[in-house]
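Me: I would like to go through the labels attached to this model and see what each one rests on. Please set the values against the cut-offs.

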Amino acid sequence: MSEVICPNCGAVRPNAFCGHCGQNSRDYNASLWTVLRDAIGEMFELDGRVVRSLKTIVRRPGQLSLAFAENQRASFVNPFRLFMFTTILWFFLFGITFPTPNNRPVAIDSSDLVAQDESQRQRGPIRFNVDFTPEQNESEINVGLETFRSRLEGDRVRKLDDMLASDRSARRLGPVKAIARLFDEHPELPLWLQRLMANLVVNAVYSPQQLIGEFIDNLPLMMVVLLPWYAILLMLLFGRGGRRFVHHLVFAIHVHSFSFIVLSIGLLTPGSASPIDESGWDKAWDLFDQVVFLLLMIHTYLAFRRFYGQGHMRTLVKYFSLGFFYVLGLFPAFSFVLLILLADYL
């Protein structure tokens, strides 16, 4: 039998896959039908692993992590790929379903604002009715406003001018007035803090919905903190079982992945925006969500039992202890996302 050379790396390929680089023996220098047939085959091969992984994670809690720990990986999708898919799915659904349209703040549309003549803007400083103390004269008021305006960057200068030119925005300018007064009374504030406060308050007043959207877009970064924190807690509580940290991490990934799947289903179920106006169907769906959440807790507990093999009482105590300490990690994770968001305003 003649030796076959892998066209990708040049190593000897004794069978259908190269032992050096892993490329298969398929040759795409063929007809379109052959290429499509192989592509479809690979697609369903991947889908088979996904379906098998989802069935296992639902029907046999903890078995997917156990298979990984026992080095049985070929039949299932990579845990990190599964985690990325479920995380993106949940945060995408969360972003489009919350806040609900009924309670979303409405952004100010600049096209509906009263147009301000450009020549008027160039005549001098813009003035607005700031409730300064009587001791402050007009020049001090203008200094506070001009200082505030000089700290803005990019499109936020236009947003401020639009709001100042609109009578309908007058009642919403309280935070802007307060920050302008603060800048006038405390010019010694660090420049970075002034920029942060000015840019943030303009965006918050002009379009609260956009600010909320930016925060939601950064929520997946919370998992950068929460996932390793969960794995560390698992290692501390169940470390005597001979598991390596990567095994605890994979178990944490599978627990979170299944949780995101269940939570995604919950986001897709209908519900009433107001408890007062709930119909019978809304109450039924709320009950369904509560039952699903309870089943999620039971499923996670059974996953602990299967993967770590400890008794019911010990597993139960450690399960709720882990939940308590996991909640404590929400604050640093939330702070991390907040810092990422605020960095754009410096």
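**Labels and their grounds**

Reply: In this predicted model, the side chains of Glu153 and Arg195 meet in a salt bridge, with N to O at 3.9 Å.

Me: Why is the contact of Glu153 and Arg195 called a salt bridge?

Reply: The cut-off is 4 Å between a side-chain nitrogen of Lys or Arg and a carboxyl oxygen of Asp or Glu. The N to O value for Glu153 and Arg195 is 3.9 Å, so the pair is within the limit. Glu153 is in the loop between α5 (138-150) and α6 (156-165) and Arg195 is in helix α8, so the bridge ties together parts 42 residues apart in sequence.

Me: How many salt bridges does a search of the whole structure find?

Reply: It finds two. Arg158 and Asp155 form a salt bridge, their closest N and O atoms being 2.8 Å apart. That value is also within 4 Å, so the label holds.

Me: What makes Arg158 and Asp155 buried, partly exposed or exposed?

Reply: Buried means under 20% relative accessible area and exposed means over 50%. Arg158 has 31% and Asp155 has 40%. Both values lie in between, so both residues count as partly exposed. Glu153, at 36%, is partly exposed, and Arg195, at 24%, is partly exposed.

Me: Why is Leu287 called exposed?

Reply: Its relative accessibility is 52%, and the label requires over 50%. Leu287 therefore counts as exposed.

Me: How do you know that the length of α12 agrees with its residue count?

Reply: At 1.5 Å a residue, the 29 residues should span 42 Å. The end C-alpha atoms of α12 are 42 Å apart, so the two agree.

Me: What puts the buried residues of α7 on the same side?

Reply: The buried residues of α7 are Val176, Lys177, Ile179, Ala180, Phe183 and Asp184. They cover an arc of only 165 degrees around the axis, which puts them on the same side of α7.

Terms used. Residues are numbered from 1 along each chain as its sequence is written. This is a predicted model: local features need pLDDT of at least 70, side-chain atom pairs count only at pLDDT 80 or more; totals for chains, interfaces and linings use all residues. Side-chain values use heavy atoms; hydrogens and water are left out. Buried means under 20% relative accessible area, exposed over 50%, partly exposed in between (1.4 Å probe, protein chains only). Helices (H or I, at least four residues) and strands (E, at least two) are DSSP runs, numbered from the N terminus. The expected span of a helix is 1.5 Å times one less than its number of residues. The arc is that of the directions from the helix axis to the C-beta atoms.
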